[in-house]
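Work through the exercises below with the sequence and the model side by side. Try each task before you read its solution.

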Amino acid sequence: MKKFICIVLVVVTTMVLFAGCGNRQIIDVTYSYDRAIIRLPNGEVVDGEVSSWRDYDGESIQIVIDGITYYTQASNVVLIREKEDIYG
């Protein structure tokens, strides 16, 4: 019986800790996007096809459009998925 109670406590504690992660994911899932719209600090807006992208801890994101790499805050970017491909 003590063993069962210990297991239940460990499971409940683990669930509470995972729930405390907020917006973080336990398992990272890779998403694919076809297009991005980026607002640059000088007011210019870049709209193009995404070659690759990567997000970093915090609010940073790196996007490659037409061979140019943009590194900015995620709040300056809209990622768009136009193709309906369930596998990304």
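**Exercise 1. How many aromatic pairs does the count come to?**

Start with the ground rules. This is a predicted model, where local features need pLDDT of at least 70, side-chain atom pairs count only at pLDDT 80 or more, and totals for chains, interfaces and linings use all residues. Residues are numbered from 1 along each chain as its sequence is written, and side-chain values use heavy atoms, with hydrogens and water left out.

Step 1. Take the rule. Rings of Phe, Tyr and Trp (its six-membered ring) pair if their centres lie within 6.5 Å; planes under 30 degrees apart are stacked, over 60 edge-to-face, and the rest tilted.

Step 2. Count. The rule gives 2 aromatic pairs.

Step 3. Describe one of them. Tyr33 and Trp53 pair edge-to-face, with 5.4 Å from centre to centre and 65° between the planes. Tyr33 sits in the loop between α1 and β1 and Trp53 in strand β2, so this pair links distant parts of the chain, 20 residues apart. Helices (H or I, at least four residues) and strands (E, at least two) are DSSP runs, numbered from the N terminus.

Step 4. Buried means under 20% relative accessible area, exposed over 50%, and partly exposed in between (1.4 Å probe, protein chains only). Tyr33 is partly exposed at 24%. Trp53 is partly exposed too, at 25%.

Step 5. Take the other pair. Tyr56 and Tyr71 are also edge-to-face: 5.6 Å centre to centre, 65° between the planes. This pair, too, links distant parts of the chain: Tyr56 is in the loop between β2 and β3, Tyr71 in strand β4, and they are 15 residues apart. Tyr56 is partly exposed at 28%. Tyr71, at 53%, counts as exposed.

**Exercise 2. Which residues are linked in a network of salt bridges?**

Step 1. Set the cut-off. A salt bridge is a side-chain nitrogen of Lys or Arg within 4 Å of a carboxyl oxygen of Asp or Glu. The structure holds 2 of them.

Step 2. Find one partner of Arg35. The side chains of Asp47 and Arg35 meet at 2.9 Å, N to O.

Step 3. Find another partner. Glu82 forms a salt bridge with Arg35, and the closest N and O atoms are 2.9 Å apart. Glu82 belongs to the segment after β5 (77-80), and this pair links distant parts of the chain, 47 residues apart.

Step 4. Join the steps. Arg35, Asp47 and Glu82 form the network.

Step 5. Arg35 is partly exposed at 26%. Asp47 is partly exposed at 44%, and Glu82 is partly exposed at 48%.

**Exercise 3. Which residue in the hairpin of β3 and β4 takes a positive phi?**

Step 1. Find the strands. Two strands pair if DSSP finds at least two bridges between them. Here 6 bridges join β3 (residues 60-65) to β4 (residues 68-73), and the strands run antiparallel.

Step 2. Pick one bridge. Val64 has Thr69 of β4 as its bridge partner.

Step 3. Look at the turn. The hairpin has 2 residues between the strands, and Asp66 takes a positive phi near 50°. Asp66 is a residue other than glycine.

Step 4. Asp66 counts as exposed, at 65% relative accessibility.

**Exercise 4. Asn76: buried or exposed?**

Step 1. Read the value. Asn76 has 17% relative accessibility and counts as buried.

Step 2. Find a partner. A polar contact of 2.7 Å joins the side chains of Asn76 and Arg39. Such a contact is a pair of N or O atoms within 3.5 Å; within protein, one must be able to donate a hydrogen and the other to accept it, and residues adjacent in sequence count only if both atoms are side-chain atoms.
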